Amino acid sequence: MVRGIVLACGNDSLDKESPLITERDDVEVLAVPPRPGKAHVDAVVSDLGDQRLVVAGTDADLNAVVLRLLRSERVADVELAYVPSSPDSAVAELWGLPTDTARALDLALRGDPDKVPFLRDDAGGVLVGLGVISPVRGVGYCDDDNVLRGQATRLEVTPDPDGGAGLVVRVVHKRLLGKKVKETAGRAFQLGCLPTSVTSDGFAHPRQMNKWTWYRHTEDLRLVRGL
């Protein structure tokens, strides 16, 4: 079994998962704020050695840690595991991770890392699970394919779980008798639109945006996914 350093993000995360995490002798638990930044992540990452980095918290917390791995150029060499604090985690659904704390922690310390794509955006952020733009009126392209011209209820973007070029774009139109979804895969997505809201892994961008880009990073995450 691999030893790990657990970043317990936010008081709620630590409270929900204690004593499942805090009473184990194969992990070191560090309580950090929600969406931990440079002061709480970089020093831990630099001292990991052969240990695994485990993030216990929300998708937004994991997003913040991945951003620090990117900024410190440690994406390719850090084994990253995730213990979601919510059963509704889009990251867990996308990558087939358990949301039960005991099972998730067991996988985090016993599982094998697998290379998975993650996305960057043109505002300096990252995307590990689900990105949402809503409502939206504008023009959008996935690589050379025009996927939106006009209005849609929402756009959903995820890394490609099937190992394709990088990402999947879903254009959602809600109608009286249900909804219509158009799905396109590619390496990059670009949008020009009327000002609207953008959310990455549950974290809302602080300003409304009239353009947005997501694209696959050149290196993949080493995400612990299977036994």
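1. Contact here means heavy atoms within 4.5 Å. By that criterion, and leaving aside its neighbours within four places in sequence, Leu221 is in contact with Val66, Val75, Leu80, Asp114, Lys115, Val116, Phe118 and Val128.

2. A word on the basis of this note: the model is predicted, local features need pLDDT of at least 70, side-chain atom pairs count only at pLDDT 80 or more, and totals for chains, interfaces and linings use all residues. Residues are numbered from 1 along each chain as its sequence is written, and side-chain values use heavy atoms, with hydrogens and water left out.

3. The largest nonpolar core has 43 residues, and those that touch the most other members are Leu7, Leu53, Leu62, Val66, Leu80 and Leu221. Helix α3 (residues 59-71) supplies the largest share of this core, six residues. Apart from it lies another core, of 20 residues, which includes Cys142, Val147, Val157 and Leu167. A nonpolar core is a set of buried Ala, Val, Leu, Ile, Met, Phe, Trp, Tyr and Cys residues joined through side-chain atoms within 4.5 Å. Buried stands for under 20% relative accessible area, exposed for over 50%, and partly exposed for what lies in between, with a 1.4 Å probe and protein chains only. Helices (H or I, at least four residues) and strands (E, at least two) are DSSP runs, numbered from the N terminus.

4. Thr184 is found in strand β13 (residues 178-186). Its relative accessible area is 12%, so Thr184 is buried. Leaving aside neighbours within four places in sequence, Thr184 is in contact with Cys142, Asp145, Val147, Leu167, Val168 and Val169; Cys142, Val147 and Leu167 are among the members of the 20-residue core.

5. Thr196 has its place in strand β14 (residues 188-200), and it counts as buried because its relative accessibility is 2%. The side chain of Thr196 reaches the backbone oxygen of Pro135 at 2.3 Å, a polar contact being a pair of N or O atoms within 3.5 Å in which, within protein, one must be able to donate a hydrogen and the other to accept it, while residues adjacent in sequence count only if both atoms are side-chain atoms. Its contacts, again leaving aside neighbours within four places in sequence, are with Ile133, Ser134, Pro135, Val136, Arg207, Gln208 and Met209. Pro135 itself is found in the loop between β8 (131-134) and β9 (136-142), and a cis peptide bond, with omega about -15 degrees, joins Ser134 and Pro135.

6. Arg35 has a positive phi, near 45 degrees, and lies in the loop between β2 (27-32) and α2 (38-46); with a relative accessible area of 27%, Arg35 is partly exposed. Asp143 also has a positive phi, near 50 degrees, and lies in the loop between β9 and β10 (145-152); at 37% relative accessibility, Asp143 counts as partly exposed.

7. The largest pocket holds about 200 Å³ of space. Its lining has 13 residues, of which Arg35, Asp121, Gly125, Phe203 and His205 are the closest to its centre. By class the lining of the largest pocket has six nonpolar, five polar and two charged residues, where Ala, Val, Leu, Ile, Met, Phe, Trp, Tyr, Cys and Pro count as nonpolar, Asp, Glu, Lys and Arg as charged, and the others, Gly among them, as polar. On a 1 Å grid over the protein atoms alone, a pocket is an open set of points where a 1.4 Å probe fits, with protein on both sides within 12 Å along at least five of seven lines, and lining residues have an atom within 4 Å of a point. Grid points are joined across faces, edges and corners, and a volume is the space filled by probe spheres set on the points.

8. The second largest pocket holds about 150 Å³ of space and is lined by Ala90, Glu93, Leu94, Gly129, Leu130, Glu156, Thr158 and Arg170. Both α4 (90-95) and β11 (154-159) supply at least two residues of this lining, and the largest share, three residues, comes from α4. The lining of the second largest pocket divides into three nonpolar, two polar and three charged residues.

9. In helix α5 (residues 101-110) the buried residues are Thr101, Ala104, Leu105, Leu107, Ala108 and Leu109. Asp100 caps the N-terminal end of α5, with a side-chain oxygen 3.3 Å from the backbone nitrogen of Ala102.
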